[in-house]
Amino acid sequence: MHFVIERNRFVHDVQNVAKAVSSRTTIPILTGMKLVATNEGVTLTGSDSDISIETFIPAEENDQHLVDIKQEGSIVLQARFFAEIVKKLPGEQIEISIQDPLSATIRSGSSVFTLNGLDPEEYPRLPQLEEERVFRLPQDMLKNIIRQTVFAVSAQETRPVLTGVNLEIQNGELICTATDSRRLAMRKSSIERNDQELTFENVVIPGKSLTELSRILDDNDELTEVVVTENQILFKLGHTLFFSRLLDGKYPVTSSMIPTQSKTSFSVQTKSLLHTLERALLLSDGKNNVVTLKTLAENEIEITSVSPEIGKVTEDLSTSDQDGEEMRISFNGKIVIDALKVIDSEKVNIMFTGAMSAFVVRPTDHDHYLHLFSPVRTY
C-alpha cells in the first residue's frame, strides 16, 4: 500500500472514524483503525462492536484531487497513536506506505513516523444490512433531535433499554422519546420515505451512540439516509457510514403518560425560568435539588429552595396566560434546567394536573416536542 493524501481532509475523516474506537475493548484488533487503499480512493474504518464508522475519501471530488494512489493495499494501525500523529503533522500532504506487511511509514514535511500495524484480514467485516425500512431527514434536524432528547436517557444500567432513545414512525412522522422514569423528552419531526406505508416501533438506539453520531453531523440541510433492521441501525452521511447496534427489550409505552387535561397552567419566559432555577439551586448541596413552585396572584409564581444547613432562597417570577386553581408543587430543579437548556422557544407553557402528578413543559410556538417531569414528595 502506498498513497499520498490531502492533509486537512484526511485529518478530519480520521478524527471522525476514531470516535468509534475504544481503548477499553477486550478485542485487540478493535483498538486499531483499518485503512484500505484502492484505485477509487481510501476507506477508513473504526469500531468498538457497539458502533462502527466507515468513511471513504475518493481520489477526486468536485474537480479536486484528494488522493494519489500509488499502490493498493490495507493495514490496521493503532487508532490512538495514528489519530494524534496525523493531527500534528506539519505538511500540506501526508504520504503513507507499507514496507513489510505489518509496518507503515507516515511522512509529512520533514516528519517521518513508523507505526507497527495489525493484520487487516483479522478485522471484523461491517454488517450488510437489508435496506427495507429506510427514511431520510436533514442532518441539522437530526442533530437537533439528538440534542433535545439524548440528555434524558437513563445513566443507570438497571434497565438497559432506558439508556437509549426510542424511535417510532407513525403516520409519516418520526417520534423520538427518551426517559429515565423521572423525566421524559419527546421530539417529533416529519421525514421523507420511499414506502408511504412505512411504520415501526421499539427501535432503541443507545444514548452513547447518538452522542457520537451528533459529533460528526454537520449543521446543514443535506439529507441523512437512515436504514433500520432488527438489531442494527445505519446512518448514511455522504461518504460516511455510521452503524450502531440497537438495544434489546421492550421500551415502555410513554404516550399514555402524557396528560391532556390541566388543573393549572401558565406561560413563562424560558430564559427567566432557567436563570431563576439556577439561582434557586445555588444553595443546594448537589444531592438535594428540590425546588418548590407556588402560584401566587394572577400571573405570578414563587420559586423557593430550602437547604436546612445552608439557608433559603425565594424569587417571584412573572407569567402570562395563568389559568386554573392555586398550585404548590416540588420537583427536581436540575432535571428541569437540563430541559430548558435545549428548548429553542422564547416562552414555554407549563401544565399541571395536580401536586403529585407529572407536569408537562412545552414550547409555546410549536408542538414538535415536550418534556414531562415527575414531582418530588416533600414532608
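Predicted model: local features only at pLDDT ≥ 70, side-chain atom pairs only at ≥ 80, totals over all residues.
Residues are numbered from 1 along each chain as its sequence is written, and side-chain values use heavy atoms, with hydrogens and water left out.

The secondary structure of the chain comprises 6 helices and 29 strands; helices (H or I, at least four residues) and strands (E, at least two) are DSSP runs numbered from the N terminus. The C-alpha trace spans about 80 × 55 × 40 Å along its principal axes. Of the 379 residues in the chain, 52% are buried, where buried denotes under 20% relative accessible area, exposed over 50%, and partly exposed the range in between (1.4 Å probe, protein chains only). Among contacts in the chain with a separation of 6 or more, 67% involve residues 24 or more positions apart, a contact being defined by heavy atoms within 4.5 Å.

A salt bridge was assigned where a side-chain nitrogen of Lys or Arg lies within 4 Å of a carboxyl oxygen of Asp or Glu. The count under this rule is 18 salt bridges. One of these joins R183 to D338, with an N to O distance of 3.0 Å. R183 belongs to strand β15 (residues 183–190) and D338 to helix α6 (residues 333–342), so this pair ties together parts that are 155 residues apart in sequence. R183 is buried, at 9% relative accessibility. D338 also meets K334 in a salt bridge of 3.4 Å, N to O. K334 and D338 are 4 residues apart in helix α6 and are therefore separated by about one helical turn. K334 is partly exposed, with a relative accessible area of 42%.

A further salt bridge links E225 and K236, whose closest N and O atoms are 3.4 Å apart. E225 lies in strand β18 (residues 223–228) and K236 in strand β19 (residues 232–237), so the pair connects parts that are 11 residues apart in sequence. Both residues count as partly exposed, E225 at 21% relative accessibility and K236 at 22%. Through salt bridges that share partners, E225 and K236 are joined with E131, R136 and E192 into one network.

Most residues other than glycine have a negative phi. N62, which is not a glycine, has a positive phi of about 50 degrees. N62 is located in the loop between β5 (60–61) and β6 (64–65) and is exposed, with a relative accessible area of 72%. S181 likewise has a positive phi, near 75 degrees. The position of S181 is in the loop between β14 (173–179) and β15, and its relative accessible area of 55% makes S181 exposed.

T43 lies in strand β3 (residues 41–47) and is buried, at 18% relative accessibility. Apart from its neighbours within four places in sequence, T43 is in contact with K34, L35, V36, E54, T55 and F56. The C-alpha atoms of T43 and I57 are 6.3 Å apart, with the two residues separated by 14 residues in sequence.

The largest pocket contains about 620 Å³ of space. On a 1 Å grid over the protein atoms alone, a pocket is an open set of points where a 1.4 Å probe fits, with protein on both sides within 12 Å along at least five of seven lines, and lining residues have an atom within 4 Å of a point. Grid points are joined across faces, edges and corners, and the volume is the space filled by probe spheres set on the points. The lining of the largest pocket consists of 25 residues, of which D48, D50, P206, K208 and S209 lie nearest the centre. Helix α4 (residues 207–216) supplies the largest share of this lining, 5 residues. By residue class, the lining divides into 8 nonpolar, 9 polar and 8 charged residues, with Ala, Val, Leu, Ile, Met, Phe, Trp, Tyr, Cys and Pro counted as nonpolar, Asp, Glu, Lys and Arg as charged, and the others, Gly among them, as polar.
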